[in-house]
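Here is a short note to read beside the model. Please keep the sequence and the 3D view open while you go through the points.

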Amino acid sequence: ACLAPGGTCWGTSMSAPAVCAAIGLMLSVNPCLSNIEIENILKATACPMVDNPIPNWTGAGYMNLYQAVSFAKGLSGSITVSDNWDDDTYINGDIIIETGVTLNINKTVKFAKGSRMIIKPGAIVHLYGKMTNWCDDPWEGVEVWGEAQVSQFTAGHHGKLHLHANAIIENANTAVKLSGAGAGNSGGILYATSADFINNRVSVE
């Protein structure tokens, strides 16, 4: 392993302390990470080693400390571009799927205590994997917003959550809420096909 391009670094005597320090920082922001999750994050956030002179010696590439710790800390804020989440993902705070965005979740999404996903009118989320919690603390769940004064058959005016076969939502206070904080946000749409709600205080509201 090598921390930065251009350096001369060899062996575990150099790389092991650096990786251990990175793991310590990752656990400081997310103490619930398993050893497998830590390994996957380090590999997923590594920078490729271009023109590697010694093939098969460098594993996933250069360790990217900032990206690894940021990934471990979890996402929050707005998703403004359609995307596929093909790796396990961590949420710490509100994650908002903005109007016009389609998000496909193919792996596990873990939410910190108090966190929620908000699907705004005109946004679509397809869940093929799992939504669950960090550690033992429940998360808030998914809010699917609509436009109360518009027919649900009118395209583009309501958020949609599709739970595909074998999708799971678990350990939430309210797994799916088909409205937002205001009365005008009701009318969100939920489709569920052979999906499971497990250990939620309320499954659908």
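Is Tyr90 buried or exposed?

1. Tyr90 is buried, with a relative accessible area of 3%. Buried means under 20% relative accessible area, exposed means over 50%, and partly exposed lies in between (1.4 Å probe, protein chains only). Phe71 counts as partly exposed, at 26% relative accessibility.

2. A word on the basis. This is a predicted model, where local features need pLDDT of at least 70, side-chain atom pairs count only at pLDDT 80 or more, and totals for chains, interfaces and linings use all residues. Residues are numbered from 1 along each chain as its sequence is written, and side-chain values use heavy atoms, with hydrogens and water left out.

3. The structure holds three aromatic pairs. Rings of Phe, Tyr and Trp (its six-membered ring) pair if their centres lie within 6.5 Å; planes under 30 degrees apart count as stacked, over 60 as edge-to-face and the rest as tilted. Phe71 and Tyr90 have ring centres 6.1 Å apart and planes at 75°, so this pair is edge-to-face. The pair links distant parts of the chain, 19 residues apart: Phe71 sits in helix H3 (residues 65-73) and Tyr90 in strand E3 (residues 89-97). Helices (H or I, at least four residues) and strands (E, at least two) are DSSP runs, numbered from the N terminus. Ring pairs link Phe71, Tyr90 and Trp134 into a cluster.

4. Now Phe111 and Trp139. Their ring centres are 4.0 Å apart and their planes are at 10°, so the pair is stacked. Phe111 lies in strand E5 (residues 108-111), and Trp139 is in the loop between strand E8 (130-133) and strand E9 (141-144). They are 28 residues apart. Both Phe111 and Trp139 are buried.

5. Look next at Ala175, in strand E12 (residues 174-177). Ala175 counts as buried, at 0% relative accessibility. Leaving aside neighbours within four places in sequence, its contacts (heavy atoms within 4.5 Å) include Gly141, Val142, Ile169 and Phe197. Ala175 and Glu205 are 30 residues apart in sequence and 8.2 Å apart in space, C-alpha to C-alpha.

6. Which residues make the contact of H1 with H2? Val19, Ile23, Met26 and Leu27 of H1 meet Ile38, Ile41 and Leu42 of H2. By class, this contact has seven nonpolar, no polar and no charged residues. Ala, Val, Leu, Ile, Met, Phe, Trp, Tyr, Cys and Pro count as nonpolar, Asp, Glu, Lys and Arg as charged, and the others, Gly among them, as polar.
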